[in-house]
Amino acid sequence: MAGRTLYDKLWDAHLVKQRDDGTALIYIDRHLLHEVTSPQAFEGLRLAGRRPWRVDANIATPDHNVPTVKRSEGMAGITDPIAKIQVETLDDNCRDFGILEFAILDPRQGIVHVVGPEQGATLPGMTVVCGDSHTSTHGAFAALAHGIGTSEVEHVLASQCLIQRKAKNMRIVADGRLPPGVTAKDLALAIIGRIGTAGGTGYTLEFSGEAVRGLSMEGRMTLCNMAIEAGARSGMVAFDEVTLEYVRGRPFAPKGALFEQAAAAWRDLVSDPDAVFDAEIRIDASALEPQVTWGTSPEMVVGVSGVVPELDAAASAGQRQGWESALRYMGLEPGMRITDIGVDRVFIGSCTNSRIEDLRAAAAVVRGRRVAQSVLQAMVVPGSGPVKRQAEAEGLHEVFLAAGFEWRDPGCSMCLAMNADRLGAGEHCASTSNRNFEGRQGHGGRTHLVSPEMAAAAAVAGHFTDVRAMLAGDRGGLA
Amino acid sequence: MKAFTTLTGRVLPLDKANVDTDQIIPKQFLKSIRRTGFGDNLFDGWRYLDEGDPSKTPNERRINPDFVLNAPRYQGASILLARENFGCGSSREHAVWALEEYGLRVVLAPSFADIFFSNCFKNGVLPIVLEENIIDEMFEMLATGEGLELTVDLAEQVIRMPSGKTLSFEVDSFRKRCLLEGLDDIGVTLTDAGAIREFEAAHRQRAPWLFGDPG
């Protein structure tokens, strides 16, 4: 028998029933919920007179439209009455059905994809779902994790299962080591630039290679988080010592003998050496530079030393049309240098880049510097309560505040601008989030996706700049 | 769920690749806790010239006359003709609710994003993958100014063109049955409750740490 991929193993371990029609019933170990995509699912459950199948598999937290200021006021701090009803509805539903919720004033509240791993509620070998496409984040734990729609949220609540067809296997091998100043975010963007936003459609991605092995768990989460921007519902990284050490001691992780038993089982969460992938992509990570998106799709990306592409470089008429439309929206010209693009606002946060290492990296750039005069606003939104407290214990908030950044409370914030944090029309934003779609960060807003280091450097310079050169200046040398 | 059997309707062309669900229904409309009320905000950012918010009715908005959805000849369309990777990005099912409520029950495209594709079937909307050259032909037919009316027959898995020509399409047999019968797929899954319980017990034996008491 041919070897199995990590995805094959996770699939097999959760297969409840293979049906004759080609669909399969897959068991779900962990279901994460938030306020935006769950109310209609709970309503459906009630209308059908159903109860959650396994209450303890569910964990909820409000994140999408909580404000990032005045958190101590709790619910009273939510000034938008419609948003408030939605957050209250999550509270009500969790209370009625007995689901554990990290509510707005809970010290563990945060972005659902930061909270799960941080609490040890995401474990290796699990199937993890959530009504949010960035659930792919949890694949960093050698877990099968993907986003689902609201009907499927209801399905999982009612049956602990999903009806699925198996996806194909794609391996993405990142050879070599990422150079200093080049991050998991840059690797993710470079991969998307290479295979396109539909390149992974129908596949489960496994990220591997020296560069991936060299990433911390937080870096791996950033990478897997962006799998969906390559079209893949799930991305994953094989289990290793880095995974094990991250999980050890987390509140929801097994303890003592049970942990050792789990660890022994987790060691098999790797693709077999003779596993067959349906597709394989190789990328030389050692040759990458920091990436900046210039358009309205994450695939419209280029290295910081590059330029906005000429339309003639488009591979097809359709792509040319897409580029033209993107440049019109972004207010950019072909051939323009990336470093000539000015920045009006800076957002450091989101489920992609709001963890402690992200904040440390950004603070290291900002330390001793000031946000440029031309920048209207620069904000840091920690991914969760624990991230915020850790950053404050390390004094990072003081670094940001001294530089002119705002230091906010945890939530999705300006990644999707459901709350009050948003761009004005025509404004350019250096953002550590995951989507640069039209209007994503505010009506008419222009998003450029970058790493936390690059966002920090752009805040200081007032335009995009190679963070490596800025840091080299600190050392008295040239990049 | 609303059943889908056959539909005869006018085609609305949206000639743009990689249309993401943020465009189909922008985030400010996701604050609703209901499944309805999204149709007026379908493609909100393209359809209106002013910025929308949930408190505004369509009458208070400035219509974008250049957006295809607002063209008089496409009013009442029930089939959307789209380009590749339609529905990419956010998993928001609100995108399908908005399409359905507007009256679009079929989407034709060369490819779809996975989560959107799956969400369609849960809401009586039929996404159909067609060869790129066929999609191109349909866009060309519409570009001449002639309307295009198609009949989509799910049971037979064919699209009937005005010329009498038919195009066959693929559809997953389980999803087809759910659409044709308007089935609640949770009900179908729960007919396997015994198998789920059996699996769960064995799973707990194999991996007891997955069943830890949270908190």
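**Cysteines, the interface and salt bridges**

Guide: Over all chains of this predicted model, the number of disulfides is 0. A disulfide requires two cysteine sulfur atoms within 2.5 Å. For A:Cys130, the nearest cysteine sulfur belongs to A:Cys412 and is 9.6 Å away, so A:Cys130 is in no disulfide. A:Cys130 is buried, and its relative accessible area is 0%. In chain B, the cysteine sulfur nearest to B:Cys88 is that of B:Cys120, 13 Å away, and B:Cys88 is likewise in no disulfide. B:Cys88 is buried as well, with a relative accessible area of 7%.

We now turn to the interface itself. On one side, 75 residues of chain A are in contact with chain B, and on the other, 59 residues of chain B take part. The size of an interface is often given as the accessible area lost when the parts come together. Here the area buried between chain A and chain B is about 5600 Å². Carbon and sulfur atoms give 56% of that area. Within chain A, the residues that lose the most area to chain B are A:Gln40, A:Trp53 and A:His443, which together account for 11% of what that side buries.

Polar links also run between the chains. There are 31 residue pairs in polar contact between chain A and chain B, counting pairs with both residues at pLDDT 80 or more. Several elements of chain A give two or more residues to the side that touches chain B, among them strand 1 (15-18), helix 2 (39-47), helix 3 (81-97) and helix 11 (317-330). Helix 5 of chain A gives the most, with 7 residues. Sorted by class, the side of chain A that touches chain B has 30 nonpolar, 27 polar and 18 charged residues.

Salt bridges between chain A and chain B number 8. A:Glu154 counts as buried, at 10% relative accessibility, whereas B:Arg35 is partly exposed, at 26%.

A further salt bridge is formed by the side chains of B:Asp22 and A:Arg440, at 2.9 Å from N to O. Because B:Asp22 lies in helix 1 of chain B and A:Arg440 in the loop between strand 18 (428-431) and strand 19 (446-449) of chain A, this pair joins two chains. Both B:Asp22 and A:Arg440 are buried.

Within chain A, the side chains of A:Lys9 and A:Asp272 meet in a salt bridge of 2.9 Å, N to O. A:Lys9 lies in helix 1 (residues 6-13) and A:Asp272 in the loop between helix 10 and strand 12 (279-284), so this pair ties together parts of chain A that are 263 residues apart in sequence. A:Lys9 counts as buried, at 7% relative accessibility, and A:Asp272 is partly exposed, at 22%. Elsewhere, A:Arg46, A:Asp92, A:Arg95 and A:Asp96 are linked in a network of salt bridges.

Notes
Residues are numbered from 1 along each chain as its sequence is written. Chains are lettered from A and ligands numbered from 1 in the order in which they are written. This is a predicted model: local features need pLDDT of at least 70, side-chain atom pairs count only at pLDDT 80 or more; totals for chains, interfaces and linings use all residues. Side-chain values use heavy atoms; hydrogens and water are left out. Buried means under 20% relative accessible area, exposed over 50%, partly exposed in between (1.4 Å probe, protein chains only). Contact means heavy atoms within 4.5 Å. Buried area is the accessible area (1.4 Å probe) that two parts lose on being put together, summed over both. A salt bridge is a side-chain nitrogen of Lys or Arg within 4 Å of a carboxyl oxygen of Asp or Glu. A polar contact is a pair of N or O atoms within 3.5 Å; within protein, one must be able to donate a hydrogen and the other to accept it, and residues adjacent in sequence count only if both atoms are side-chain atoms. Helices (H or I, at least four residues) and strands (E, at least two) are DSSP runs, numbered from the N terminus. Ala, Val, Leu, Ile, Met, Phe, Trp, Tyr, Cys and Pro count as nonpolar, Asp, Glu, Lys and Arg as charged, and the others, Gly among them, as polar.
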